[in-house]
Amino acid sequence: MLLSLHWFWLVLWLSLRAVEAQFPRPCTTPEALQARTCCPLWNGSPCGFSSGRGVCAPHPARDLPKPVDYRVSWPRAFYDSVCTCWGNYDGFDCGQCLPGWKGPHCQQRHHVERKEITDLTDPERETFLSSLHLAKQSPSSRYMILTSNDTTVDGNYAFHNTSVYNLYVWMHYYSAKSYAGSENNAAHRGPAFTFWHRVFLLFIEREIRELTGNQDFYIPYWDWTRSNHCNICTNKYFGGVGRDGRIDSASLFSKWETICPFQESLGIICIHSDASDPTHLIRNPGRDPMYKTLPTAEDVEDTMATPVFDTPPFDITSRRGFRNKLEGFEIPNDSRHLNASMHNLVHRYLNGTMSLVPTAANDPIFMLHHSFIDKLLERWLQDHSTASYPDSDEVHPAQRAQAYMAPFFPLRTNSYYWGRDTYSLGYSYKEHSLYRSRAGNSEAKQGAGFLEDSTGSGVQWQWPVLGVFSIVLVCVGVGAALKCRDKMRKPQDAETEEKQTQSDYRSNSLYAVWVKERNGNTDESPAGDVASCGSHPQNAAPRPPSEGRGDNMQSAVEVQL
């Protein structure tokens, strides 16, 4: 009852907010498509150029050979010029902050800690579930989705409105469905698997934060090694299931309808054959005799012990590589006689909507499953700092190091996030309480044994302990004083940094060119700004030095003046 009431108030709040928040999706207009330009205005200029946020720039993908399936060379089939954001700015119009940053000028650090789903408090769980329901019901004011009945024909597509959550489902469908004439796709069966899903989770986290106004919203993870069954397939979490696989009617998830049904035809994208017969979420956890178990902690440790990230030919046949083991195509040879492992086994175990990879994101358990996969990725990367993203022509073109992740804006290569740990992206993972309780019991037993041994031997241990304790108190007091002094300095430093940021972009040579063109143009309408950006791709420039992210942080798109 409490969850339903909380959800009701969130929906009511959104209906009042949406009146002012709606705006057109600029890159889906006939004018933008004809100009092949996706450089929306931010604060009156394309990509927020006059505010020093970014520039409308051509992208190298436009010069690649034409693929059979127009989804392969993203975004070649749609746009020749897109926004390249400078500094800590992000988003299709450079109007947002990169993950891990916030504030009007994206100069303030932002961090959340992702917990295990069963460790959430009751209010945390209710807030998370209500936010998902709100995203499912709320129209996206920023994006539209594409449908097509043949992705081998240029221009064979149409744009449609959708909800915030269904946008997220569509993105996975678009990238997970095999390309025409191939079994490959942009997000699975290759080295991009782990990083594509990392960016995917960051995307939906940010969209739900924008929707709810809760900047600390995060996606928890589901550690499926904690139980031998789906311990979150209950009405407390994501809904219990009946014999027919339908979600229990007492759960709000029983009302969820899926989008983008699986189509055997490779060329079809997200077209429902019978709109009058909506499909609901289906789960039959553990009822398929071929996939009746979840991965174990031993499976995880075996995967984590793999020393190489990926191996040739960088697909589902790769052996002795971390990526293919984690994805679940390299199966342990043991008495269980598994037909899938790790990531893939969880999908198969749930035996329903989650079992077909292109449609799997319809089930909200999907995001928690991949949050745990991301946690394992981060742990492996921390232990293998010298590893690197494969740079080989054997990798499928859509997943090569310098290919752009589809369908994300601004453009990011598949190797872009290598070397950027979760802390730099604004989040970390909290170990779940099971580990803490076990460690605590062990420490308590050791402490009790120590006291017993000391007392039995007649050793007078109290005074040394009190002495050490006094020294610790003094150190803590001094540390607290220094920390307070630093906190007093930080607001002053942040204010100075933001003022400096506001003036940095004016020193950029391209800014002067833009101002000159703007003052000399009698038509200052938004359409004129977009047109000029699209018709002058040679005006692209590198980001301002003051907005750089360090020598080791390469730009998403290398642009030359």
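The protein chain exposes about 26500 Å² of surface, and carbon and sulfur atoms supply 55% of that area. Accessible areas come from the Shrake-Rupley method with a 1.4 Å probe; for residues, only the protein chains shown count as cover. The chain has 561 residues, and 50% of them count as buried. Buried means under 20% relative accessible area, exposed means over 50%, and partly exposed lies in between (1.4 Å probe, protein chains only).

This is a predicted model, in which local features need pLDDT of at least 70 and side-chain atom pairs count only at pLDDT 80 or more, while totals for chains, interfaces and linings use all residues. Residues are numbered from 1 along each chain as its sequence is written, and side-chain values use heavy atoms, with hydrogens and water left out.

How confident is the predictor? The pLDDT is its confidence in each residue, from 0 to 100. The protein chain averages 79, and 71% of the residues score at least 70. Over residues 436-465 the pLDDT is below 50; beyond near neighbours in sequence, this stretch has six contacts in the model. Residues 487-509 also have a pLDDT below 50, and that stretch has 21 contacts beyond near neighbours in sequence. Contact means heavy atoms within 4.5 Å.

Now look at the fold. The secondary structure comes to 13 helices and 13 strands. Helices (H or I, at least four residues) and strands (E, at least two) are DSSP runs, numbered from the N terminus. Among contacts between residues at least 6 apart in sequence, 70% join residues at least 24 apart.

Three strands form an open sheet in the order 1-5-4, with mixed pairing. Strand 1 (37-38) and strand 4 (54-58) stand at the edges; each has a single partner strand, so one side of each is left without a neighbour in the sheet. Strands of a sheet pair through backbone hydrogen bonds, either parallel or antiparallel. Here, two strands count as paired if DSSP finds at least two bridges between them. Strand 1 pairs with strand 5 (residues 81-85) in the parallel sense, over two bridges. In this pairing, Cys38 stands opposite Val82 of strand 5. Strand 4 and strand 5 pair in the antiparallel sense, over five bridges. There, Pro58 faces Ser81 of strand 5.

Is strand 4 mostly covered or mostly open? Strand 4 is mostly covered, with five of its five residues buried. Gly54, Cys56 and Pro58 point one way from strand 4, Val55 and Ala57 point the other way, and all are buried.

Next comes helix 4. This helix is mostly covered too: 13 of its 13 residues are buried. Its length can be checked. The expected span of a helix is 1.5 Å times one less than its number of residues. The 13 residues of helix 4 (residues 164-176) should therefore span 18 Å, and the end C-alpha atoms are 19 Å apart, which agrees.

Loops can hold buried residues as well. Ser251 sits in the loop between helix 5 (193-212) and helix 6 (297-304). Ser251 counts as buried because its relative accessibility is 4%. Not counting residues up to four places away in sequence, Ser251 touches Asn235, Phe238 and Gly239.

Leu294 is also found in the loop between helix 5 and helix 6. Its relative accessibility is 3%, so Leu294 counts as buried. Which residues does Leu294 contact, leaving aside neighbours within four places in sequence? Among them are Trp222, Trp224, His229, Cys230 and Tyr349. Leu294 and Thr225 are 69 residues apart in sequence, yet 7.2 Å apart in space, C-alpha to C-alpha.

Finally, turn to the backbone. A cis peptide bond joins Pro312 and Pro313, with omega about 5°. Pro313 lies in the loop between helix 6 and helix 7 (322-327). Another cis peptide bond joins Ala406 and Pro407, with omega about 0°. Pro407 is placed in the loop between helix 9 (365-383) and strand 13 (427-429).

Two residues have a phi to note. Arg320 has a positive phi of about 60° although it is not a glycine. Arg320 is in the loop between helix 6 and helix 7, and counts as exposed because its relative accessibility is 62%. His337 is not a glycine either, but has a positive phi of about 55°. His337 lies in the loop between helix 7 and helix 8 (342-350). With a relative accessible area of 63%, His337 is exposed.

Conventions. pLDDT is the predictor's confidence in each residue, from 0 to 100.
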